[in-house]
Each structure stands twice: as C-alpha cells, then as structure tokens.
Amino acid sequence: MSKLARFTALIMGPPGGGKGTISKKILKDFSFTHLSTGDVLRANVREATAIGQEAKGFMDSGNLVPDDLMVRLVLSELEKTPVDRLLLDGFPRTRPQAEALGKHLHVDMALNLNVPTETIVARISNRWIHPGSGRIYAYDYNPPKVHGVDDETGEPLVQRDDDTPEAVRKRLTTYDTLTAPLLDFYGDHGVLQNFSGTESDVIYPMVKEYLDSQPL
C-alpha cells in the first residue's frame, strides 16, 4: 500500500451539486492538498507526457480513459510530491475504479454530498449564457437586467443543450447508476459519510463539524 499520502479523503457529489464550492471551503479551513483528476489529466495531455499521450489516444477515439491508466495518473502525480493530507476529487467514480485504486492508495474517508435531483435541475436549468463573451447568467441569483438579453451587448442569451432540464436529469440518472455501487463499496469499508442538503452554505457546516471531529 502506497504511503504517498498519510491521509486520503475522497469527495463525491452529483454534477451541479456544489462539490467544487465545498472543496474550496475544505481547502480553506483544513490542510489538504487538492488533486482534481480532471485537471491533472488535461495537464498531462497538454504537456504531452507519456501518460498524457496514452490517454489522448483513447480520448481522440471517443473512448473513456481506462481505469488502470487513471490510477497510474493519480499515483504518478503523487510520486512527484508526496503529501500529508490528500483531497481526491473526480476519481474514483465507479466501484471498479475504487477497487483498482485501493490496491495502491488507502482511502480513509469518503465524503458524499447528497443533493436532491430537482434542486440541481432547477439550479442548472436557470443558467443561460451569452455566446459571444461566455458571460453566464442565473435567473435565481445573477439575472440579466432585461430578461433574455446580455447586459452589455443586448444580444440574446442561449441555454446550452447540456443545461436543459431533460439533459440535466439524464446526466444525474447516469451519475446515480454509476455511483450507487461506489457508495456501497465505501460504506462496506466503513469510511463513507453522507451530507444532505440543498445549498452549499447549509451542507458545509456539517462537513466542517465532521472534519473537526476526526483525527486528521
């Protein structure tokens, strides 16, 4: 078992569920090193490392990057600079990935954010963009001055196909199908902790209280 990290916490949550916000708060209040596998993967592809070139081959052909390659990616990143406390974000996402990672790195804590589907659907489907500039508006907290048009140009706003209620529900259903066995896996190992709520400002105090109570 690798000693590349003395303590490893995994953060999980549905797309649009506030995982990024919660992660930032954890990093602000606790001494964790954040490892986002998506960021690391993109950096390796951009820098044309050996692992990055191997991953790019799968990505260019429209295939998922294999589990063993993702595990090697995580381990190679940690081998560069072993850390004390690791916050792993974005991997593993399935039970087979967790089993593969577990052969090399012990997960001490799995933090799962449980946010209702309809809360996420409402949050994401409220999001509209100005294609020309990339400006993002949300009708619940950052609405345009005039409904349906960009504040600066007066041009019409559009909704990305991925942000329609139907697309969001489909994405969340896929996430739930993949993640349920993963939650069972970490639950069976006694390291799963669930946090339920509709807003990050409500969920994070519970996360913080739990982390404060742990011998990190």
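At what angle do helix 6 and helix 7 pack, and how far apart are their axes? I would like to start there, bearing in mind throughout that what we are looking at is a predicted model. Helix 6, which covers residues 117-125, packs with helix 7 at an angle of about 140 degrees, and the two axes are 9 Å apart. That angle makes helix 6 oblique to helix 7, and the crossing of helix 6 and helix 7 is right-handed. On the helix 6 side the contact is made by Thr 117, Glu 118, Ile 120, Val 121, Ile 124 and Ser 125, while helix 7 brings in Pro 165, Val 168, Arg 169, Arg 171, Leu 172 and Asp 176. If you sort the residues of this contact by class, they divide into six nonpolar, two polar and four charged.

Let me stay in this region for a moment and turn to Asp 163, which is found in the loop between strand 6, residues 136-138, and helix 7. Is Asp 163 buried or exposed? Asp 163 has a relative accessible area of 1%, so it counts as buried. Once its neighbours within four places in sequence are left aside, Asp 163 is in contact with Ile 124, Ser 125, Arg 127 and Val 168.

The next pair is helix 4, residues 67-80, and helix 5, residues 95-102, which pack at an angle of about 45 degrees with their axes 9 Å apart. Helix 4 is therefore oblique to helix 5, and the crossing of helix 4 and helix 5 is right-handed. Here Asp 67, Val 71 and Val 74 in helix 4 meet Pro 96, Gln 97, Ala 100 and Leu 101 in helix 5. By class, this contact of helix 4 with helix 5 has five nonpolar residues, one polar and one charged.

Helix 2 and helix 3 form another pair, whose axes come within 8 Å and cross at roughly 100 degrees, and the two helices are therefore roughly perpendicular to each other. In this case Leu 41, Asn 44 and Val 45 in helix 2 meet Gly 52, Ala 55, Lys 56 and Met 59 in helix 3, which by class gives four nonpolar, two polar and one charged residues. In the loop between helix 2 and helix 3 lies Ala 48, which has a positive phi of about 55 degrees although it is not a glycine. Ala 48 is partly exposed, with a relative accessible area of 41%.

As background for both features, most residues other than glycine have a negative phi, and most peptide bonds are trans.

Which members of the largest nonpolar core touch the most other members? Of its 32 residues, they are Leu 10, Leu 78, Leu 86, Leu 101 and Tyr 186. The elements giving two or more residues to this core include strand 1, strand 3 and helix 7, and the largest share, seven residues, comes from helix 4. There is also a second, separate core of 24 residues, which includes Ala 9, Ile 11, Val 121 and Leu 211. To return to Leu 86, its contacts beyond four places in sequence include Ala 5, Phe 7, Phe 32, Leu 78 and Leu 105.

Leu 111 lies in strand 4, residues 109-114, and at 2% relative accessibility it counts as buried. Not counting residues up to four places away in sequence, Leu 111 touches Leu 10, Ile 11, Met 12, Ile 26, Gln 193, Phe 195, Val 207, Tyr 210 and Leu 211. Gln 193, in turn, lies in strand 7, residues 192-196, and is partly exposed, with a relative accessible area of 28%. With the same exclusion, Gln 193 touches Ala 110, Leu 111, Asn 112 and Tyr 210. As for distance, Gln 193 and Ile 120 are 73 residues apart in sequence and 21 Å apart in space, C-alpha to C-alpha.

Notes
Residues numbered from 1 in each chain as written. Predicted model: local features only at pLDDT ≥ 70, side-chain atom pairs only at ≥ 80, totals over all residues. Heavy atoms only, no water. Axes fitted to C-alpha atoms, helices over the stretch in contact; angles between N-to-C directions. Helix = DSSP H or I, 4+ residues; strand = E, 2+ residues; numbered from the N terminus. Parallel < 35°, antiparallel > 145°, perpendicular 65-115°, else oblique. Left-handed = near helix turned anticlockwise from the far one by under 90°. Contact = heavy atoms within 4.5 Å. Nonpolar A, V, L, I, M, F, W, Y, C, P; charged D, E, K, R; others polar. Core = buried A, V, L, I, M, F, W, Y, C linked by side-chain atoms within 4.5 Å. Buried < 20%, exposed > 50% of the residue type's maximum accessible area, 1.4 Å probe, protein only.
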